[in-house]
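Subject: Structure handover

Hi,

Here is the structure you were expecting. My notes on it follow below.

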Amino acid sequence: MRKTIRAQGEDGTTMSDGGGTGTAVGLHRVLEPAGVLPQAARRLDADPRIRPDEVRIGVERLNLDAASYRQLHTAHGGDPDAIRAEVLRIVGERGKMHNPATGSGGMLVGVVEEAGPESPLGLRPGDRVATLVSLTLTPLSITDGLARWDGLSEQVPARGHAILFARSIAAVLPDDLPVPLALAVMDVCGAPALTHRVVASRDGAPAVAVLGAAGKSGSLSLAAARRAGASRVIGLVPTAAEEERLAATGLADAVVRADARDPVAVAAAIEGAHGGPADVTVVCVDVPGCEHGAILATAPGGTVVFFSMATSFPAAALGAEGLAADVTMLIGNGYVPGHAETALDLVRSEPAVRALFTARTGRDSAQ
């Protein structure tokens with residue numbers, strides 16, 4: 001006899017697990033190893049048949065996270081065919097887009113094909129949505145061989161399907177923004193929301209430094225820090241071209257240039273622009289090795305927020321200990337209530353942020 005267990009959702013409603021425990025978080029989709037959550041699994045079941053509390057999405061576009069795409073591009077020498085083949089191999093073998101080298105994935109845009117009657121997500125067939133959960137835990141099947149992707153950008157036109165669980169998160173895409181732009185914004189929407197929360201919660205008006213400030217999450221974090229009441233906002237970038245581009249936007253009070261992997265250079269650049277270390281440092285750099293510079297550039301009693309998927313927890317923890325740094329370190333987990341709305345509002349209200357996004361996502365994102 002099948003046993004049906006019902007769990008209470010955040011809104012107080014109940015949802016059937018369809019005959020086994022843990023379906024709200026997707027345990028039934030884990031093929032191996034048994035007993036782990038989907039994100040930690042080596043392989044997921046991407047069967048298109050859904051349970052009562054699941055939703056099936058017809059995939060239109062993937063957005064690979066910056067760290068994952070950079071690793072793929074570097075590993076294959078920028079060869080588009082090799083990059084495309086590697087993404088197809090990962091999805092085919094794992095039933096999800098979970099880069100084994102970086103441990104990261106991205107997110108996607110698609111149209112709801114079917115919503116189970118017990119799904120608490122409030123989605124309906126025909127809704128165009130962005131999934132606000134990682135591709136590393138989303139059952140995914142690609143059916144078009146990524147034939148329309150040139151392999152040269154993080155955004156991947158695709159056909160296939162994906163499955164959302166009861167505990168997944170998705171947002172209906174706004175009508176006033178192009179799909180590529182909205183997807184790019186929602187991919188990093190946790191960064192500005194948490195930056196705003198951290199800055200607003202501090203006594204006084206803190207000085208904020210953003211490493212990787214000309215990128216997607218970096219530019220949004222600059223705007224969010226200023227809106228939250230930062231006294232001074234400093235953007236750090238690696239190249240002269242990014243320094244010139246960011247300075248022209250006016251998003252930062254000061255723009256400095258340094259390799260984020262060089263701790264002494266980072267600390268010197270921030271202190272030179274501010275007259276001392278920052279109270280809050282936000283790391284949005286998509287390469288490894290940036291932990292120590294962020295810590296060294298942060299004042300005693302300050303906060304470092306790591307948004308990069310390339311962050312090493314041991315390097316951060318042991319580095320702070322070795323530097324005798326009294327700093328609070330936060331891992332941006334990508335979810336803060338209202339994060340999508342916060343990020344979209346910044347793009348709508350800050351032309352400079354939208355311009356930076358448009359430059360990164362291509363001409364179609366501005367149309």
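**Charges**

The protein chain carries 33 positive and 41 negative charges, and their mean positions lie 4 Å apart. Lys and Arg count as positive, Asp and Glu as negative; His and the chain ends are left out. Each charge is placed at NZ of Lys, CZ of Arg, CG of Asp or CD of Glu.

**Ground rules**

This is a predicted model: local features need pLDDT of at least 70, side-chain atom pairs count only at pLDDT 80 or more, and totals for chains, interfaces and linings use all residues. Numbering runs from 1 along each chain as its sequence is written, and side-chain values use heavy atoms, without hydrogens or water.

**Overall fold**

The protein chain has eleven helices and 16 strands. These are DSSP runs numbered from the N terminus (helices H or I, at least four residues; strands E, at least two). The radius of gyration is 21 Å, close to the 21 Å from the globule rule for 367 residues, so the chain is as compact as a globular protein of that length. That radius is taken over C-alpha atoms, and the rule is 2.2 Å times the number of residues to the power 0.38. The C-alpha trace spans about 70 × 40 × 40 Å along its principal axes.

Of the 367 residues, 52% count as buried. Buried means under 20% relative accessible area, exposed over 50%, partly exposed in between (1.4 Å probe, protein chains only). Take contacts (heavy atoms within 4.5 Å) between residues at least 6 apart in sequence: 68% of them join residues at least 24 apart.

**Helix α9**

Helix α9 covers residues 313-322, and its buried residues are Ala 316, Gly 319 and Ala 320. Seen down the axis, they fall within an arc of 95 degrees, so they line one face of the helix. The arc is taken from the directions from the helix axis to the C-beta atoms. Their cover includes α8 (291-296), β15 (298-306) and β16 (328-331). The face turned away from the buried side carries exposed Leu 318, Glu 321 and Gly 322.

**Backbone points to check**

- Glu 32 and Pro 33 are joined by a cis peptide bond, with omega about -10 degrees. Pro 33 sits in the loop between β3 (30-32) and β4 (43-44).
- Leu 146 is not a glycine, yet its phi is positive, about 55 degrees. Its loop runs between β8 (140-142) and β9 (155-164). Leu 146 is buried, at 0% relative accessible area.
- Ala 324 also has a positive phi, near 50 degrees. Ala 324 lies in the loop between α9 and β16. It is exposed, at 70% relative accessible area.

Best wishes
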